[in-house]
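User: I would like to learn how to read the features of a model like this one. Could you take me through it step by step?

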Amino acid sequence: MIDVNIKKRLGGDSSSFLLDISFSVNGGITVLAGASGAGKTTTLRLIAGILTPDEGVIKVGSETYFDAARKVDLSIQKRRVGFVFQDYALFPHLTAEQNIAYGIKTNSKTATMEKAAEMLELFHIEHIRTRIPREMSGGEQQRVAVARALASDPAVLLLDEPLSAVDVETRSKLLDEIETAQAQTGIPFVYVTHNEAEAVRLGRQQVTLEKGRVVNLRLS
Amino acid sequence: MIWEALKLSLLVVSFATVIICVVGLLFAYLLAKFDFRGKEFLDALLTMPLVLPPTVTGYYLIFLLGRRGLLGGYLYDLTGWSVVFTWQGAVIAAVVMALPLMIKASRASIESVNPDYEIASYTLGKSKLETFLRITLPLAKRGVLAGLILSFARALGEFGATLMIAGNIPGKTQTMPLAIYEAVASGDDHRAQALALVLTAISLLAVYFTNRISRSQVYG
């Protein structure tokens, strides 16, 4: 269960943009759709704690991430969100395996490497284990990015247009993998896209934004 | 005599470079990542030694740290010791004079690291310090190393401020640039020549390595 009920004003007085949204969705995959400039990425960044709302409440599961009235504002680190950036933001100086291992919380190096190996296997990327991002294809980078985010055992996974940089053929395959990963881990995903086909394909639950407002809410 | 000055120069520069590395990175990070009141002023103040005549900087150091100085007065009253006319005084002069080079180069380098890498690290549960050490610093290392080598060279050649605060005592505070000055003043051409050649060689090497690092591998 993800509850979002927030307001956030962005930009200066003359060109300001008001994000004023409220939605409540269940687990599984939720598609956050809308044209560019509708406030989708801002919404993800607010949930992750990268940006702070002016007012409102953000809850994921039983945990309150933000509550203006009660002065709750968990740090990014404490929120346990996985974030897949539009350009992946893989650490360019680390290999696929090191990227995935980076956020794994275990007591021993052996356990960390075992978990990393598991993730590499889950996403069928064992063969690029020792490659740095520059040496990977777009699809491979995308898999590493999702694997890295899931490896840290998040309470929710936020994906910001993760397939905008891959070709159509790869896209369909990656969508399958994202659905499989969600089903296997049981972690709720919030998936931002402006692509109609992707939205229809994934969206059993869909929140559509327009100019900073929720214009359509479809729940499963 | 040459050996003595070289040894002292290396001692002073070694201490100065370590201090410059730590303090310089601290200020560079502060200026690159935070907005606070007086930031522009702090930036200007730290840059002053680059543009002021070194004797003026040296004068301020005496004003601050001298036996009757603003801070030095307390130290002298408490311990009966003052940095004036000591090799530690020469270290302070070298640090203050060379610090701006380190701060400028590292700050630019830290600012050029895509902030999404740092945010990604935060979402993976890492603190600001760990993120800086494992992500930002490795990605900014070219600029940081270049700044460090340039500072090293600047500290090695430091003359004016050192003369003001540490004096020119052979075997105690007479570093190589000061020894050259004295050799020329006393008509000892051979010694001046030898010292000048050693200093030139070290500085040339420093610039050579700075250029090599600037051309080395870039990620991303």
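User: How should I read the confidence, and what is the mean pLDDT of chain B?

Analyst: pLDDT is the predictor's confidence in each residue, from 0 to 100. Where pLDDT is low, the predicted coordinates should not be read in detail. In chain B the mean is 93, with 98% of residues at 70 or more. For the complex, the predictor reports an ipTM of 0.92 and a pTM of 0.88.

User: How many helices and strands does chain B have?

Analyst: Helices (H or I, at least four residues) and strands (E, at least two) are DSSP runs, numbered from the N terminus. Chain B has 11 helices and 0 strands. Its C-alpha trace spans about 65 × 45 × 25 Å along the principal axes.

User: What share of the residues in chain B is buried, and what share of its contacts joins residues 24 or more positions apart?

Analyst: A residue is buried if 20 or more other C-beta atoms lie within 10 Å of its own, exposed if 12 or fewer, and partly exposed in between, with C-beta atoms placed from the backbone. By that rule, 41% of the 220 residues in chain B are buried. For contacts, two residues qualify if their C-beta atoms, again placed from the backbone, lie within 7 Å. Among the contacts in chain B with a separation of 6 or more, 75% join residues 24 or more positions apart.

User: Now the helix packing. At what angle do H1(B) and H11(B) cross?

Analyst: Two packed helices are described by the angle between their axes and the distance between the axes. The axes are lines fitted to C-alpha atoms, for helices over the stretch in contact, and angles run from 0 to 180 degrees between N-to-C directions. Helix H1 (residues 2-33) and helix H11 (residues 189-214) of chain B have axes that come within 10 Å and cross at roughly 30°. That makes H1(B) roughly parallel to H11(B); angles under 35 degrees count as roughly parallel, over 145 as roughly antiparallel, 65 to 115 as roughly perpendicular and the rest as oblique. B:Ile2, B:Ala5 and B:Leu6 of H1(B) meet B:Arg191, B:Ala194, B:Leu195 and B:Val198 of H11(B).

User: How are H1(B) and H5(B) oriented to each other?

Analyst: The axes of H1(B) and helix H5 (residues 87-111) of chain B come within 6 Å and cross at roughly 40°, so the two helices are oblique to each other. The residues of this contact comprise 25 nonpolar, 2 polar and 2 charged. Here Ala, Val, Leu, Ile, Met, Phe, Trp, Tyr, Cys and Pro count as nonpolar, Asp, Glu, Lys and Arg as charged, and the others, Gly among them, as polar.

User: Which way does H8(B) run against H11(B)?

Analyst: With axes that come within 9 Å and cross at roughly 170°, helix H8 (residues 141-156) of chain B and H11(B) are roughly antiparallel. Among the residues that meet are B:Leu145 and B:Ile149 in H8(B) and B:Ile202 and B:Phe209 in H11(B). By class, this contact has 12 nonpolar, 3 polar and 1 charged.

User: Which elements of chain B touch chain A?

Analyst: The contact takes 16 residues from chain B and 17 from chain A. On the chain B side, helix H6 (115-123) and helix H7 (128-139) are the elements that give two or more residues. H6(B) provides the largest share, 6 residues. That side of chain B has 9 nonpolar, 5 polar and 2 charged residues.

User: Is A:Ala89 buried or exposed?

Analyst: A:Ala89 is buried, because 24 other C-beta atoms lie within 10 Å. This residue belongs to the loop between strand E7 (81-84) and helix H3 (96-102) of chain A, and its phi is near 50°, a positive value in a residue other than glycine.

How values were computed:
Residues numbered from 1 in each chain as written. Chains lettered and ligands numbered in written order. Predicted model: local features only at pLDDT ≥ 70, side-chain atom pairs only at ≥ 80, totals over all residues.
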